[in-house]
Amino acid sequence: MNLLVSDYDQTLFMDDLTFRINLKKLEEFRQSGNIFMLSTGREYSSIKSEVIRNKIPYDYISCGDGVALYDSDGKSLIHYQLNKNDLDYSTYLKLKYNSKIRIIDINSGTDKFPDHRIIEVKDIDYKNIILEIEKYFKQYLQHSDYIIKYNLICLIPKGVNKSTTIKFLEDKLKLQKNAIFTIGDHDNDCDMIHDYNGFSMVWGTRKAKQYALKKYLALSQLISNIEKNSDSFQKILRYR
């Protein structure tokens, strides 16, 4: 039994044709007794709506860059909460920038964990506002890290990343590391790419490609390599 962990945007989902091929390969992968986890920086309601609309076959969803983990029944398995002081900082920013930013709840739609974690800058001058907020966070944040992605700043408790939820499943399902494969395209995927048999998309960030064992044009290609498990594929793996 293998565990495949994939980022969503620009990894599982790209153009419509590649997406459909990826989904078909994923279904075959799971029907063979393997496990698939989506790992995304999105909040839960956002990724769940994508799953429902596109009929994505999955076993687990990790959202908020490792902040929360849900099974296919929507049950919360992990949830890391931000320090209250850091939540107060995000509220202060909302008052300062008003309609220029939007604060998104990672677990929106669940009611259980009302933590503000993603700051979306909606202003046309978003780059300068991002720089201002980053300067503020560098000065005041004590218990959290942050990830900047385009016009988004994602707050994450220190020590939490996409590998956190994978490690939970690794222990829960008693998996060996040679049975865990990860793939992504952005800096927030680097931990899971580095910590496991990790791969990147060919258009990934420089850091993501630096950690990757190999680069792919489509997720379906990685799935085919895992299934075939050829000697040449084995040789490049970090864990064999």
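**View 1. Ser-144 and its contacts.** Ser-144 touches Leu-82, Asp-86, Ile-156, Pro-157 and Lys-158, leaving aside residues up to four places away in sequence; contact means heavy atoms within 4.5 Å. The model is predicted: local features need pLDDT of at least 70, side-chain atom pairs count only at pLDDT 80 or more, and totals for chains, interfaces and linings use all residues. Residues are numbered from 1 along each chain as its sequence is written, and side-chain values use heavy atoms, with hydrogens and water left out. Ser-144 is in strand β8. Helices (H or I, at least four residues) and strands (E, at least two) are DSSP runs, numbered from the N terminus. Ser-144 is buried, at 4% relative accessible area; buried means under 20%, exposed over 50%, partly exposed in between (1.4 Å probe, protein chains only). Its side chain makes a polar contact with the side chain of Asp-86 at 2.5 Å. A polar contact is a pair of N or O atoms within 3.5 Å; within protein, one must be able to donate a hydrogen and the other to accept it, and residues adjacent in sequence count only if both atoms are side-chain atoms.

View 2. Strands β8 and β9 (residues 152-157) run antiparallel, joined by six bridges. Strands pair if DSSP finds at least two bridges between them. Asp-145 stands opposite Ile-156 in β9. Two residues lie between the strands, and Tyr-150 takes a positive phi near 60°.

**View 3. Helix α5 and its ends.** At the start of α5, a side-chain oxygen of Asn-161 reaches to within 2.8 Å of the backbone nitrogen of Ser-163. Helix α5 spans residues 162-172; its buried residues are Lys-162, Ser-163, Thr-164, Thr-165, Ile-166, Leu-169 and Glu-170. Just after α5, Lys-174 has a positive phi of about 55°.

**View 4. The largest pocket.** This pocket holds about 390 Å³ of space. Its lining has 19 residues; Asp-9, Arg-42, Lys-149, Tyr-150 and Leu-152 are closest to the centre. A pocket is an open set of points on a 1 Å grid over the protein atoms alone, where a 1.4 Å probe fits, with protein on both sides within 12 Å along at least five of seven lines; lining residues have an atom within 4 Å of a point. Strands β6 (101-105) and β7 (116-121) each supply at least two lining residues.

**View 5. The second largest pocket.** Its volume is about 300 Å³. Among its 19 lining residues, Ile-147, Asp-187, Asn-188, Asp-191 and Lys-207 lie nearest the centre. Two or more residues each come from β8 (144-149), α6 (190-195) and α7 (206-211).

Terms used:
Grid points are joined across faces, edges and corners, and a volume is the space filled by probe spheres set on the points.
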